[in-house]
Amino acid sequence: MIGMNDQALALQKKMGGDDSNTANFRERLIGAYSETVQIGATFDDVTDAVKGLSDGMGKIVSPSKATVVSMVELSKATQMTTESIGGMVSEMVRFGGTQKDAVEAISKMAQEGRNAGLNGKAYTEAITKNLKTVSGFGFKSGVDGMKKMVKEAMLLRTTVESIGASKIAKAFFLI
């Protein structure tokens with residue numbers, strides 16, 4: 001418990017916070033850990049998810065216990081690191097919506113990739129990598145369009161960049 005307390009405090013300070021609300025922050029992290037330990041999660045998984053979210057957003061974050069639990073569960077289901085899941089969530093939040101909405105959208109993306117016979121992890125990572133390209137087009141249309149481009153590129157065993165789809169999308173949306 002002392003180690004978890006120290007880790008929570010260190011994470012909070014690394015994000016630029018102070019220790020005035022550490023007890024509440026720590027309790028959420030420990031609660032998330034308690035709910036995910038059965039799936040093989042560690043306390044580091046929990047803190048890494050929050051760190052990825054904070055790094056991606058460039059600010060202090062204080063996600064709910066449910067959001068942290070969802071990020072860790074998604075990490076275990078997709079075999080992605082919790083820090084990368086946190087970063088993906090931060091990218092998705094830029095399109096609007098909540099952290100919870102972003103986790104649900106990423107989970108659906110991974111499932112769609114698997115349903116299409118693609119590697120869910122690679123599919124999700126490719127979409128997230130290309131999200132900055134469509135950042136001005138809104139959550140639904142930007143993400144849905146990028147999902148379609150990534151899916152087609154992966155089915156053709158290539159990348160979005162190599163087929164020039166992102167350039168076409170930019171030109172299309174700017175017209």
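From the N terminus on, the elements of the chain run α-α-α-α-α-α-α-α-α-α. That is 10 helices and zero strands; both are DSSP runs numbered from the N terminus, helices being H or I with at least four residues and strands E with at least two. This is a predicted model, where local features need pLDDT of at least 70, side-chain atom pairs count only at pLDDT 80 or more, and totals for chains, interfaces and linings use all residues. Residues are numbered from 1 along each chain as its sequence is written, and side-chain values use heavy atoms, with hydrogens and water left out.

**Whole chain.** Color by accessibility. Of the 175 residues, 43% count as buried (under 20% relative accessible area; exposed is over 50%, partly exposed in between; 1.4 Å probe, protein chains only).

**Select Tyr-33 and Phe-43.** The chain has one aromatic pair. Rings of Phe, Tyr and Trp (its six-membered ring) pair if their centres lie within 6.5 Å; planes under 30 degrees apart are stacked, over 60 edge-to-face, the rest tilted. Here the centres are 5.9 Å apart and the planes stand at 90 degrees, so Tyr-33 and Phe-43 are edge-to-face. Tyr-33 sits in helix H2 (residues 22–36) and Phe-43 in helix H3 (residues 43–57), so the pair ties together parts 10 residues apart in sequence. Phe-43 is buried, at a relative accessible area of 6%.

**Select H2 and H4.** Helix H4 covers residues 65–78. How do the axes of H2 and H4 cross? They come within 9 Å and cross at roughly 40 degrees. Axes are lines fitted to C-alpha atoms, for helices over the stretch in contact; angles run from 0 to 180 degrees between N-to-C directions. That makes H2 oblique to H4 (under 35 degrees is roughly parallel, over 145 roughly antiparallel, 65 to 115 roughly perpendicular, the rest oblique).

Show the side chains. On H2, pick Arg-28, Gly-31, Ala-32, Glu-35 and Thr-36. They meet Lys-65, Val-68, Val-69, Val-72 and Glu-73 in H4.

**Select Gln-79.** Gln-79 lies in the loop between H4 and helix H5 (82–93). Check the backbone. Most residues other than glycine have a negative phi. Gln-79 has a positive phi of about 65 degrees, although it is not a glycine. Is Gln-79 buried or exposed? Gln-79 is exposed, with a relative accessible area of 61%.

Conventions
Contact = heavy atoms within 4.5 Å.
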